[in-house]
Each structure stands twice: as C-alpha cells, then as structure tokens.
Amino acid sequence: MHKLLIALAATALTATSASAALQVGATAPDFTTTGAVGGKEFKLNLADQLKKVPVVLYFFPKAFTSGCTAEAHAFSESIGDFKKAGAQVIGMSADDLKTLHDFSTKECRSAFPVATATPEIQKGYDVAWAAHPGVTTRTSYVIGKNGKVAMVHDDLDFSQHVAKTLAAVKSLK
C-alpha cells in the first residue's frame, strides 16, 4: 500500500510539472480562430489583439460545466479590473461555435470573447487534455504586448485563475 501511494504521488508530481509547455519568457504561438462575444461570431487573431493590449488567454475544459461556469462568472465580474489594468481577457475551449455563442451570453455575460481552441492551438499551448480527448486543460496565460508569456497558471481548480492573472497583468506596468 505504501509503495502504491508513493507511485501515485510521483505520477501526480510528474503530470503537474510537465503540463504547461509554454514557460514564462517563451513566445506565444500566434493563431487565428473563430469565437463569440455577446452571442455574435467574430474572427480572433492573437497578434492583432497584442498590438493593442496584453492578453489573458484562459483555456477551460467544457462550457456549461460547473467549474467552467463559475470561472466564466469570476472573469466577467472582474472584467472592469482587467480593462483598468489594460488587458483583454479571452476564454478558449474545444467547444463548437454554437456552444460558445450561448456560453458567451449566458455565462460570460457578454463581458469578454470566448473562442474555439482548435487542435493546432491546443498543441501550440500544450492544453490538450490527454485523459479526455477533445477537451482542454484549465490553463491561463498572460501574454505581454511583446508576444512573450509573462505568466502561466495550470490548475484544474478554477478558483485562483482570475486573481493570479490579474496580478500578473498589473505587474506588466
């Protein structure tokens, strides 16, 4: 039993430390995808967004699940703080566009865009959840206007993503 617990602990540590491929200082991969804000479809290009402001790119596993809904509410309630700090929040998941249309109004409260994390984007940001194909991990990146990753928070517990990304955005100034 003791050996089993040690093996499980070692596996958990390895999985946690290897989960986010992009390290602080790495160049964030550029991408173009589709998304929705306020139920309206749009094209999203990361490089275009970064010309204006730093970006909080947060990946969430599945729209309308309890944790993802709570996280969307938390980001929408704090969107004024992100804007005041000069950043754009963008939610990303592998959900289809129709689901994101609904999620953008109902749970994101039309406060920020959500976009489709294509397989290529998932690979570039190392957020494809191996144990659940077609679902992303819960990973947040703060990307500076220079295109460099300023902060990474990779944790399935949604509760600290807003606070940690907001603190990182504020430290960019």
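Val55, Leu57 and Phe59 point one way from strand β3, while Val56 and Tyr58 point the other way, and all of them are buried, where buried means under 20% relative accessible area, exposed over 50% and partly exposed in between, computed with a 1.4 Å probe on protein chains only. The model is a predicted one, in which local features need pLDDT of at least 70 and side-chain atom pairs count only at pLDDT 80 or more, whereas totals for chains, interfaces and linings use all residues. Residues are numbered from 1 along each chain as its sequence is written, and side-chain values use heavy atoms, with hydrogens and water left out.

Strand β3 covers residues 55–59, and because five of its five residues are buried, it is largely enclosed by the rest of the structure. Strands here are DSSP runs of E with at least two residues, and helices are runs of H or I with at least four, both numbered from the N terminus. On the parallel side, β3 pairs with strand β4 (residues 88–93) over five bridges, and valine 55 has glutamine 88 of β4 as its bridge partner; two strands are said to pair if DSSP finds at least two bridges between them. Strand β6 (residues 139–143) runs antiparallel to β3 and is joined to it by five bridges, with tyrosine 58 standing opposite serine 140 of β6.

Leaving aside residues up to four places away in sequence, alanine 72 touches Tyr58, Phe103, Glu107, Cys108 and Phe112, contact meaning heavy atoms within 4.5 Å. Alanine 72 counts as buried because its relative accessibility is 0%. Serine 104 is 32 residues from alanine 72 in sequence, yet their C-alpha atoms are 8.9 Å apart in space. Cysteine 108, one of the residues touched by alanine 72, is itself buried at 0% relative accessibility, and cysteine 68 is buried at 1%. A search of the whole structure finds zero disulfides, a disulfide being a pair of cysteine sulfur atoms within 2.5 Å.

Helix α3 (residues 66–77) packs with helix α7 (residues 161–171) at an angle of about 35°, and their axes are 9 Å apart. The contact is made by Glu71, Ala74 and Phe75 from α3 together with His161, Val162 and Thr165 from α7.

His161 of this contact is also among the residues touched by histidine 153, the others being Arg138, Thr139, Ser140, Gln160 and Lys164, again without residues up to four places away in sequence. Histidine 153 lies in strand β7 (residues 149–154), and with a relative accessible area of 10% it is buried.

The last stop is the loop between α5 (97–106) and β5 (114–116), where arginine 109 has its place. Most residues other than glycine have a negative phi. Arginine 109, although not a glycine, has a positive phi of about 55°, and serine 110, which lies in the loop between α5 and β5, has a positive phi near 60°. Arginine 109 counts as partly exposed because its relative accessibility is 40%, and serine 110 counts as partly exposed at 38%.

Note on methods
Axes are lines fitted to C-alpha atoms, for helices over the stretch in contact, and angles run from 0 to 180 degrees between N-to-C directions.
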